[in-house]
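Dear colleague,

Please find below the structure I promised to pass on, followed by an account of what was found in it. I would be glad if you read the two side by side.

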Amino acid sequence: PTVRRTPIRPLTAAQVRTLFDGVRGDRLEALYVVAVASGLRQGELLGLRWRDVDRERGVISVTHALQRAGGEYRLGDPKSSESHRVIVLAATAASALREHHRRQAEARIKAGPAWNDLDLVFARADGYYRHGSVATHELQRHLARLGLPRQRFHDLRHCAASLLLGRGLELKDVKDTLGHAQV
């Protein structure tokens with residue numbers, strides 16, 4: 001059988017600015033900003049813990065990924081050995097994470113004893129694991145509202161790669177940032 005492949009059309013730099021402006025203040029703003037700035041996989045983002053983030057230096061250590069097995073969520077190893085990596089974030093993403101941490105601290109106080117203390121950066125309002133399908137649905141809702149082309153969450157990874165290459169980074173450096181085994 002023939003598999004129909006849709007060409008990948010990552011967001012342009014101008015479209016990324018429109019997205020970032022359009023989600024400013026949204027509870028998932030930092031998720032989208034960090035996704036585009038880092039090229040992390042959705043599971044790596046949703047499994048990111050605060051202990052793996054140096055907010056002051058703007059550095060993320062990728063040590064886990066959120067996985068779903070038998071209807072249960074758990075943290076597991078990233079996709080490959082190359083996926084264990086340290087990423088220095090752009091100033092925009094580091095700033096978004098600091099603001100997100102502040103907002104999450106407020107949400108944690110509001111939730112009180114209902115808060116699940118899993119140390120997750122991109123947790124739900126009760127501190128529990130965020131479903132990837134919900135994050136994707138929210139992204140697509142924002143894109144439609146802003147008049148931007150439909151994207152899968154994974155397409156933000158392609159966007160990150162395109163933007164990094166557009167800034168003149170070497171292929172090997174982009175490969176290492178994305179956690180790929182080969183160029």
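A residue is called buried here when its relative accessible area is under 20%. Please keep in mind throughout that this is a predicted model.

With that cut-off, the buried residues of helix H6 are Asp155, Leu156, Arg157, Cys159, Ala160, Ala161 and Leu164. After H6 comes glycine 168, which has a positive phi, near 95°.

A charged pair may interest you next. Arginine 85 belongs to strand S5, which covers residues 85-88, while glutamate 44 is placed in helix H3, residues 42-46. Arginine 85 has a relative accessible area of 9% and therefore counts as buried, the cut-off being 20%; glutamate 44, with 2%, is buried as well. Their side chains are joined by a polar contact of 2.8 Å. If neighbours within four places in sequence are left aside, the residues in contact with glutamate 44 are Val62, His64, Ala65, Pro78, Ser83 and Arg85. As for arginine 152, which lies 67 residues from arginine 85 along the chain, the C-alpha atoms of these two arginines are separated by 24 Å.

Two pockets remain to be described. The largest pocket holds about 400 Å³ of space, and its lining is made up of 21 residues, with Val36, Ala37, Ala90, Leu163 and Arg167 lying nearest the centre. At least two lining residues come from each of helix H1 (13-22), helix H2 (29-38), S5, helix H4 (91-111), helix H6 (155-166) and helix H7 (171-178), so that H6 and S5, both discussed above, return here as contributors to the lining of the largest pocket. By residue class, this lining consists of 15 nonpolar, 3 polar and 3 charged residues.

The second largest pocket, for its part, has a volume of about 330 Å³. Its lining residues are Arg5, Thr6, Pro7, Ile8, Arg9, Pro149, Arg150, Gln151, Arg152, His154, Asp155 and His158, and they divide into 3 nonpolar, 4 polar and 5 charged.

With best regards

Note on methods. Residues are numbered from 1 along each chain as its sequence is written. This is a predicted model: local features need pLDDT of at least 70, side-chain atom pairs count only at pLDDT 80 or more; totals for chains, interfaces and linings use all residues. Side-chain values use heavy atoms; hydrogens and water are left out. Helices (H or I, at least four residues) and strands (E, at least two) are DSSP runs, numbered from the N terminus. Buried means under 20% relative accessible area, exposed over 50%, partly exposed in between (1.4 Å probe, protein chains only). A polar contact is a pair of N or O atoms within 3.5 Å; within protein, one must be able to donate a hydrogen and the other to accept it, and residues adjacent in sequence count only if both atoms are side-chain atoms. On a 1 Å grid over the protein atoms alone, a cavity is a set of points where a 1.4 Å probe fits but cannot get out, and a pocket is an open set with protein on both sides within 12 Å along at least five of seven lines; lining residues have an atom within 4 Å of a point. Grid points are joined across faces, edges and corners, and a volume is the space filled by probe spheres set on the points. Ala, Val, Leu, Ile, Met, Phe, Trp, Tyr, Cys and Pro count as nonpolar, Asp, Glu, Lys and Arg as charged, and the others, Gly among them, as polar. Contact means heavy atoms within 4.5 Å.
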